[in-house]
Amino acid sequence: MSASAPSPAVVSEAAGPVPRSEEVLTPEVLTFLAELHRHFAARRDELLALRKERRAEIARTAALDFLPETAHIRDGDWQVAPAPAALQDRRVEITGPTDRKMTINALNSGARIWLADFEDASAPTWENVIGGQINLIDAYERRIDFTSPQGKSYALKDAAQLATVVVRPRGWHLGERHLTVDGEQIPGGLVDFGLYFFHNAQRLLDLGKGPYFYLPKTESHLEARLWNDVFVFAQDYVGIPRGTVRATVLIETITAAYEMEEILYELREHASGLNAGRWDYLFSIVKNFRDGGARFVLPDRNAVTMTAPFMRAYTELLVRTCHKRGAHAIGGMAAFIPSRRDPEVNKVAFEKVKADKDREAADGFDGSWVAHPDLVPIARASFDAVLGDRPHQKDRLREDVHVTAAELIDIASLDARPTYEGLRNAVQVGIRYIEAWLRGSGAVAIFNLMEDAATAEISRSQIWQWTNAGVVFDNGEKATPELARQVAADELLAIRDEIGEDAFAAGKWAEAHDLLIRTALDTEYVDFLTLPAYQRLVG
């Protein structure tokens with residue numbers, strides 16, 4: 001390297017050894033990551049500061065509206081780029097982390113798309129960050145297999161039967177402590193994007209596909225513009241045509257719900273759709289309107305279904321927006337994990353999943369998410385019934401939909417209240433999820449549901465909101481910090497009794513309990529649970 005050449009990204013000495021990491025962390029990719037950081041990290045920091053300014057404005061006004069300065073975009077006549085062949089039919093998408101077994105199972109699942117998740121379903125240990133990249137490369141090179149401790153073997157099906165991969169990098173707020181440039185942590189999203197793009201863009205083009213991404217936690221069209229500029233830079237850097245990258249944006253923050261058209265517009269050369277999330281969306285409502293008074297207090301998370309008036313407004317606006325602009329509208333998650341022991345539990349849950357997917361297909365969505373391969377046929381049947389042989393239903397423009405700014409935050413129209421059992425569930429799920437996350441597992445089966453970091457965020461945020469609002473539960477008890485601490489202490493004892501002293505001691509239960517209590521009860525609300533949790537994550 002010449003003296004004037006830019007220095008590459010540096011891998012920290014604290015990063016543990018990961019087998020075959022040298023195949024991923026090549027000198028060339030470390031130089032590319034350094035270039036991404038130097039070009040875009042400062043703008044990322046400015047946008048994070050803008051988030052705080054906007055949140056302060058919401059605290060003052062308890063209101064949100066469509067942006068007057070971008071009315072010309074909403075009124076304009078434009079379309080996103082046509083979807084590539086591999087993203088035309090997205091009727092069922094499966095989500096999950098990029099460990100070796102999940103990589104094979106997701107690709108083999110029968111879903112059209114696999115959301116390969118480096119974000120909420122993956123705890124960002126160095127092994128998960130680098131190992132996941134290795135697994136994806138191995139899958140494309142068809143040199144991936146897996147044998148379970150029980151001796152069960154897993155291998156890929158024929159290429160024509162495999163799902164198309166869409167990678168979800170980390171959100172803008174997270175850094176990667178093991179990769180630095182000029183002493184600064186590289187944003188985790190740029191690490192996940194950069195490693196995957198650099199190693200696989202040409203490989204994917206040779207396979208007739210491309211580097212496709214899901215963009216999480218987006219809060220504004222300016223953040224979408226930053227991603228678009230990253231894509232342009234990266235494509236030019238490696239010498240592939242602009243527009244090769246395609247991105248689907250998760251509309252999982254309340255502020256983004258007011259900027260859907262603008263987000264598609266900023267990414268229009270690279271946009272392929274929007275997705276309607278649930279838990280992160282509710283978490284974002286609580287986070288932004290946490291001091292907005294009683295009319296913004298959410299009931300138990302399980303009482304807020306996608307048929308709640310304000311959720312219906314959000315999903316119908318998303319379908320209309322996407323189809324107006326030629327983009328795919330992708331529905332929410334079916335998180336149920338089938339029981340191998342209780343067919344009655346499965347029967348009830350499968351009926352709920354079917355009703356949910358029937359509704360999405362009837363509303364005009366072009367596809368939807370599931371968390372388990374057993375749910376793929378159920379979701380596919382719902383969309384097959386509406387789509388038939390058509391790859392999507394973008395021709396359904398939903399011009400009957402008219403959503404006002406007020407309807408998107410009309411929480412008070414929901415006829416439900418927080419309950420004591422809701423508090424217990426938030427504590428139970430929060431502790432159990434955080435404990436697994438601290439051990440390096442980001443996708444966790446809890447009470448027959450596949451939970452990810454968004455679950456822990458809504459759990460601790462609801463505890464924060466209820467205690468600060470002084471909610472009185474159905475049993476007459478008032479939500480106080482003392483009550484939340486007592487419920488958490490009781491849950492910790494119940495877990496110890498359930499799993500036994502040895503397993504309890506071997507886990508990170510006390511640490512998980514403390515982290516939940518801290519982020520749920522501290523006077524100063526922390527924006528993301530994963531920020532303090534990352535400081536405690538080993539690896």
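# Reading the helices, rings and cores

Student: How far does helix H6 (residues 188-206) reach, and how do you know what to expect?

Tutor: Helix H6 reaches 27 Å from its first C-alpha to its last. The expected span is 1.5 Å times one less than the number of residues; with 19 residues in H6, that gives 27 Å, and the helix comes out close to it. Helices here are DSSP runs of H or I with at least four residues, strands are runs of E with at least two, and both are numbered from the N terminus.

Keep in mind that this is a predicted model: local features need pLDDT of at least 70 and side-chain atom pairs count only at pLDDT 80 or more, while totals for chains, interfaces and linings use all residues. Residues are numbered from 1 along each chain as its sequence is written, and side-chain values use heavy atoms, with hydrogens and water left out.

Student: Where does H6 bend, and what makes it a bend?

Tutor: At Asn200, by about 50°. That's the angle between axes fitted to the seven residues ending there and the seven starting there. After the helix comes Gly208, with a positive phi near 85°.

Student: Why is H6 called largely enclosed?

Tutor: Because 14 of its 19 residues are buried. Buried means under 20% relative accessible area, exposed is over 50%, and partly exposed is in between (1.4 Å probe, protein chains only).

Student: How do you know whether Leu30 is buried or exposed?

Tutor: Its relative accessible area is 11%, under the cut-off, so Leu30 is buried. Leu30 is part of helix H2 and touches Pro8, Ala9, Val11, Leu25 and Leu179, leaving out residues up to four places away in sequence. Touching, or contact, means heavy atoms within 4.5 Å.

Student: What about Asn346: buried or exposed?

Tutor: Also at 11%, so Asn346 counts as buried. Asn346 lies in helix H12, and beyond four places in sequence it contacts Phe336, Pro338 and Ser339.

Student: What kind of aromatic pair do Trp464 and Tyr525 make, and why?

Tutor: The structure holds 26 aromatic pairs. Rings of Phe, Tyr and Trp (its six-membered ring) pair if their centres lie within 6.5 Å; planes under 30 degrees apart are stacked, over 60 edge-to-face, and the rest tilted. Trp464 and Tyr525 have centres 5.4 Å apart and planes at 85°, so this pair is edge-to-face. The partners are 61 residues apart, with Trp464 in helix H16 (residues 453-469) and Tyr525 in the loop between helix H19 (509-521) and helix H20 (530-536). Trp466 and Phe473 are edge-to-face too, because their centres are 5.8 Å apart and their planes at 80°.

Student: What sits over the ring of Tyr525, and what makes that count?

Tutor: The charged end of Arg460, 4.4 Å from the ring centre. The rule asks for NZ of Lys or CZ of Arg within 6 Å of the centre and within 35 degrees of the ring normal. Arg301 lies over the face of Trp279, at 4.6 Å.

Student: What makes a nonpolar core, and how many residues has the largest?

Tutor: A core is a set of buried Ala, Val, Leu, Ile, Met, Phe, Trp, Tyr and Cys residues joined through side-chain atoms within 4.5 Å. The largest has 127 residues, and those with the most contacts inside it are Trp114, Ile251, Phe310, Tyr314 and Leu318. Helix H2 (residues 27-61) gives the most to this core, with 9 residues. Another core of 39 residues lies apart, including Ile431 and Trp437.
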